[in-house]
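Please have the sequence and the model at hand while reading.

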Amino acid sequence: MTGSDGPHPEPGSDFRSAGPASERAREEEERAVEQALALVGGSDRIGGSGRSGGRPSRSQGSQGSQGLQGHQGHQDSRDENPNPGPSSDPHVRRSSDPSRDSHARPSSDPNPGPNPGPSRNPQARPSSDPNPGPSSDPHARPSSDSPSCDGRDNDPRDGRTTASATASATAAGTTAASATAPAPGSEQPPPPGGATPSDPAKPRPSTPPPSWNRARGIADRVGRGGPAATIRLPLDRALGHVLAEELGALTDLPSFDTSAMDGWAVAGPGPWAFEAGAGLLAGRGPAAALPDGTAVRIATGARVPPDTTAVIRSEHAQVDDARGLLHARRSVVTGQDIRPRGQECRSGEQLVPAGTVVTPAVLGLAAAAGYDALPVVPRPRVDVLVLGDELLNAGLPHDGLIRDALGPMLGPWLRALGAEVSGARRLGDDAGALRDALTSSDADLIVTTGGTAAGPVDHVHPVLDALGAELLVDGVAVRPGHPMLLARLSPDGPYLVGLPGNPLAAVSGLLTLAEPLLAGIAGRPAQDPYRALVHAEVHGHPHDTRLVPVVHRPGRAGGRDHVAPLHYNGPAMLRGIAAADGLAVVPPGGVRSGTEVEILDLPWAPATPWTEGCFT
């Protein structure tokens, strides 16, 4: 069997020959490892298998083939796509250093047997800590008593680290691991990630990546971490902003009694005498009081004279011009067709709360209530940096070069989320240009595309390390898009959201990290998630959340509305998301048809019938 790292033994096989001699050699080797670990302490932490109770790590399954399968069964390409195979997307950066892959799990002994004993994982970090922390396996789910579940979920700083701190921890672990070298003549385990002494393994997160919900919550909390600024904008420039303060009425609405219809203002019982003339028109000053038994013509919106009993619509009135009398064709109710002062609101009453997005209707209400300008939160400023030497700005793909799909897509998408976006800058694979762009930006958020993995030209992590940036989220347990990251460049500096290079994976990162972060910065209130029935079985990832493009469908014969998953939902594809109006949040393991799932709306028009076609 051959994987991405080269040839591997078949499940249950062993490179060494079986027999008593090999068993004795194996036992001697394990004793040598235990003795070496005793020199640095913490022999009970190898692979996380030494906890009280002797629970084996997830890389030591009860079957002989599980350890190897755990190594081979979670390669990025397989996790990103349920149908394994080479990626067809040229945006994918293939890492030459798998040690940065937070989802790759190191294999234990290829044939551990029913009672494996101490792990021989060459990447295990020995420690003298008698209370070991959570397993370094990023797919391991922490128990309720583990440090990652100690109530810190509400702290946006939980689990964050700096790239330099990660590098220091890795260096310390490498030093300690050198004490575990096997005795001469025994099998030498490969270095982490296939690194050599001249090419040390790059640092990787020491804790599992956060769940999708947790990562999204961190982005939301850090976006709301500081007080929002307030500016005043004239009505013609306030559209799309978020109100920084509640909008209170500056006057009664309406501010005087007005006629709701064209017709006749009458006083007392009829018939009513009237005088010929144009009558009362909108926009005129107050009229004289109306005596009982009289009527006057009145237009919609005109001030109602004092002592008016009702307004009779023109079509409900009979006019006797010869006698100068008005008769009602229907019974008259006191106050009919009159809009009394303050019917809609009284002065000082709250019209809309703070955090409301200024829509055209809000602008109209504000103008009616007497506003010329509105207190709003400034739109978050966003810079977009497109990385990759393989990208073309125009024309057809050729000679290994491909079109940049993310540059044209991200700007409008971020504007739809309420951001003020500068033009996308294409930097190629230039670490110096990336560093200069980050240090010179005055934006609230910087969005990068590609370069978040550990390939030879993936510069995002090294540049963040050099700048001393704070990694708030470094990888997320979601497919597609797990290499996404969220960082803070300085305590008062901008945030950075690193999106993967695959187009749909970038969309996943945009909705997971950028959208809640921007909502917090812009002062938008958090939205309650809504759920809908999914009208098909949707396969899931074994351990991670999966985001799948869907389209809403009306129910038939009195049935409930539902969503249908769309085809072309691979991490390198945009055909499905182009026809979608939402993303279904599919939990690990998938869902059956008829199951309710959370839906993430997309910031454009709802589904239309033509979107079904060949996509569903």
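In what order do the 3 strands of the open sheet that includes β16 lie, and is the pairing parallel or antiparallel? The order is β4-β16-β5, and the pairing is antiparallel. The edges are taken by β4 (231-234) and β5 (242-243), each of which has a single partner strand, so one side of each is left without a neighbour in the sheet. Between β4 and β16 there are 4 bridges, and one of the residue pairs is Leu233 with its bridge partner Leu374 in β16.

This is a predicted model, in which local features need pLDDT of at least 70 and side-chain atom pairs count only at pLDDT 80 or more, while totals for chains, interfaces and linings use all residues. Residues are numbered from 1 along each chain as its sequence is written, and side-chain values use heavy atoms, with hydrogens and water left out. Helices (H or I, at least four residues) and strands (E, at least two) are DSSP runs numbered from the N terminus, and two strands pair if DSSP finds at least two bridges between them.

Another open sheet is formed by 3 strands in the order β10-β8-β11, again with antiparallel pairing. Here β10 (295-298) and β11 (310-313) stand at the edges with a single partner strand each, so one side of each has no neighbour in the sheet. The bridges of two strand pairs are set out in the table.

| Strand pair | Sense | Bridges | A bridge partner pair |
|---|---|---|---|
| β4 and β16 | antiparallel | 4 bridges | Leu233 and Leu374 |
| β8 and β11 | antiparallel | 4 bridges | Gly263 and Arg313 |

Just after α6, Gly370 takes a positive phi of about 105°.

Ser347 lies in the loop between β14 (338-339) and β15 (350-352), and Ser347 counts as partly exposed because its relative accessibility is 47%. Leaving aside residues up to four places away in sequence, Ser347 touches Ala249, Leu250, Thr251 and Asp252 (contact means heavy atoms within 4.5 Å). Ser347 and Asp252 are 95 residues apart in sequence, yet 4.7 Å apart in space, C-alpha to C-alpha.

Technical notes: Buried means under 20% relative accessible area, exposed over 50%, partly exposed in between (1.4 Å probe, protein chains only).
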